[in-house]
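Q: Please take a close look at the aromatic pairs in this structure. How are the rings arranged, and which parts of the chain do they tie together?

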Amino acid sequence: MNRYVSSFIISALSYLAIVVTLIYIVNIDTKVSTDTKVEDVRKVCFRVVAQAKPQKPKQEKITPKPKPKPKPKPKPKSKPKPKPVPQPIKEPIIEEKIVEETVIEEEVVEETIEEVQEQREEIVEETAVKEEEVLTEKQHEINQDILLAKQNKFINDLIKRINDNKSYPNMARRRGIEGLVDVKFKILSDGNVEGMKIVSGRSVFKKSALEAISKSFPVTVEEALFNFPKEFRVKLSYTLR
């Protein structure tokens, strides 16, 4: 029984404490609300209104009056021009000037004609000289071509003459030997030969080559073809047929 009483007392006290705390909280809220209301009432707002500045009266612009234009001065009257005094008529000298000018023109024309004639003569002379030079050059070329043809004919005839006098060595024929022999010699102005020499070739053909050359001379020679004595070089061919 005592246990139930004690528990009742504890619960009652706890409820009482809760009620007291609630009352205390409510009282605090009411005080705070009243304080705020009092502060709100005590606040006062002030406004300062500035006075408007007095406006200055506008000054009217004074336009200056236009100055009167000065009256134009009267022009002075022009004096009458004096009448020209008649002068004595001079004789014209135009004809003399014209005559002098025509004489000068005739002299200039004559000089120009003479200059033109001189220029024509110079041109004719220059063209004639040029034509002569061209002809001489052509003639020289023709002469050179003719001379070259004659020289080639002389050499070809000489080689043919040496080949005609050439004999094939029996030893080379039996063995079937062939070859070339390079020979040089000098032709004199009288058509004879000297200074024969084998430059290259087989020894079996040397004697035959020298004999063929010596048998081919003397020959008829034109002094205009070469500057004699003249050295020649010939290659003789030895082939079996």
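A: The structure holds nine aromatic pairs, where rings of Phe, Tyr and Trp (its six-membered ring) pair if their centres lie within 6.5 Å, and planes under 30 degrees apart count as stacked, over 60 as edge-to-face and the rest as tilted. This is a predicted model, in which local features need pLDDT of at least 70 and side-chain atom pairs count only at pLDDT 80 or more, while totals for chains, interfaces and linings use all residues. Residues are numbered from 1 along each chain as its sequence is written, and side-chain values use heavy atoms, with hydrogens and water left out.

One of the pairs, Phe-154 with Phe-226, is tilted, at 6.0 Å centre to centre and 55° between the planes. Phe-154 lies in helix H2 and Phe-226 in the loop between H4 and S3, so this pair ties together parts 72 residues apart in sequence; helices (H or I, at least four residues) and strands (E, at least two) are DSSP runs, numbered from the N terminus. Both Phe-154 and Phe-226 are buried, meaning under 20% relative accessible area, with exposed over 50% and partly exposed in between (1.4 Å probe, protein chains only).

The rings of Tyr-168 and Phe-205 have centres 5.8 Å apart and planes at 80°, so that pair is edge-to-face. Tyr-168 is buried at 15% relative accessible area, and Phe-205 is buried at 0%.

Ring pairs also link Phe-154, Phe-185, Phe-217, Phe-226, Phe-228 and Phe-232 into a cluster.
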